[in-house]
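Work through the exercises below with the sequence and the model at hand. Each task is followed by a solution in steps.

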2 protein chains.
Amino acid sequence: MKTSSMTLGILVAGLSAVSIAAYAETPAGQGGKMEYGEYKDWPVLGVSHRTEKNTLRAIVGNEIAIKAARSGNTQPWPDGSIIAKVVWKQRVHPHWPSAIVPGEFSAAEAMVKDSKKYAETGGWGFGHWEGRKLVMNNKEKSAECFACHMPVKDADYVYTLPVYQ
Amino acid sequence: MKTSSMTLGILVAGLSAVSIAAYAETPAGQGGKMEYGEYKDWPVLGVSHRTEKNTLRAIVGNEIAIKAARSGNTQPWPDGSIIAKVVWKQRVHPHWPSAIVPGEFSAAEAMVKDSKKYAETGGWGFGHWEGRKLVMNNKEKSAECFACHMPVKDADYVYTLPVYQ
């Protein structure tokens, strides 16, 4: 038990340090309501292979999105949810020819839920990361993104079917 | 600034709570040296589409593995690294026919680095999760797993090519 407690303490301290480092370098959010953190540290919501684009994707979520997905609270996804889609060009694994794996990084894109701010596009704002900075699209560009999400209106405009409950 | 500090505090508290919950229900490790946490909360090391098995995978790592991957410290991966390979049967997305996405959960498998304990299999122990419990294979089964990793001996027996630095 002593070992477990020590381990736990070290782990918690470690995670806190990571969080502080990640958030200290990122904007505090838009309107003071949301945090845009380091998507590389976020847990998995899904993965996909888009065969028509020859890309592989990891779809990850911030803490609000992950909690919503695991509790089935996605009709609608709660305000503050951020979903990141990280896209890589596909390549064949050099030592396993039937495995398609990520090659060159392509983009990291975001959907940010704010039902009031983004009311015109289903409550979702669309953007992308430039390094650690999340840059939100203007209304015109967001409207383009939103149009492609209309087929999944019944899933609150989100294509990703979360892998964990 | 006040909002940011408050936000940070809440975030750190939230992450700590999640960690405590995850680790309280899991074994403290084998030999008191390693923690087997909740792989669902771990960040992404890679994704893959194994076309010959019709499966999609997310490869994630514990904190030691993630730090090693991002710092390029994987020759060898440090003791305490745990890499999880989460496997789902593939399916076509119901609203996007050219997207291959996870279907039924298949397995969550592990590679655990302990250069002394698992010296006979390249320093890696092989296992799988049964729910939240990581069950390590016996020597015979681990030797079978290890044999398939021989082609990537130069990458310390790890197929995954980490996506982030």
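Predicted model: local features only at pLDDT ≥ 70, side-chain atom pairs only at ≥ 80, totals over all residues.

**Exercise 1.** How far apart are Pro94(B) and Ser48(B) in sequence and in space?

*Solution.* Along the chain they are separated by 46 residues. The distance from C-alpha to C-alpha is 20 Å.

**Exercise 2.** Describe the strand pairing of S2 (residues 55-61) of chain A.

*Solution.* Step 1: strand S1 (residues 44-50) of chain A runs antiparallel to S2(A), with six bridges joining them; in one of these strands' pairings, Ser48(A) has Arg57(A) as its bridge partner. Step 2: four residues separate S1(A) and S2(A) in a hairpin, and Asn54(A) in its turn has a positive phi of about 55°. Step 3: S2(A) also pairs with strand S3 (residues 82-93) of chain A, antiparallel, over seven bridges. Here Trp88(A) in S3(A) is opposite Leu56(A). Step 4: six of the seven residues of S2(A) are buried, so the strand is largely enclosed by the rest of the structure.

**Exercise 3.** Which residues touch the most other members of the largest nonpolar core?

*Solution.* Step 1: the core has 72 residues, and the answer is Val60(A) and Val60(B). Step 2: among the residues that Val60(B) touches are Val44(A), Trp42(B), Leu45(B) and Val86(B).

Definitions and conventions. Residues numbered from 1 in each chain as written. Chains lettered and ligands numbered in written order. Core = buried A, V, L, I, M, F, W, Y, C linked by C-beta atoms within 7 Å. Buried ≥ 20, exposed ≤ 12 C-beta atoms within 10 Å, placed from the backbone. Contact = placed C-beta atoms within 7 Å. Helix = DSSP H or I, 4+ residues; strand = E, 2+ residues; numbered from the N terminus. Pairing = 2+ DSSP bridges. Lists of a residue's contacts leave out its neighbours within four places in sequence.
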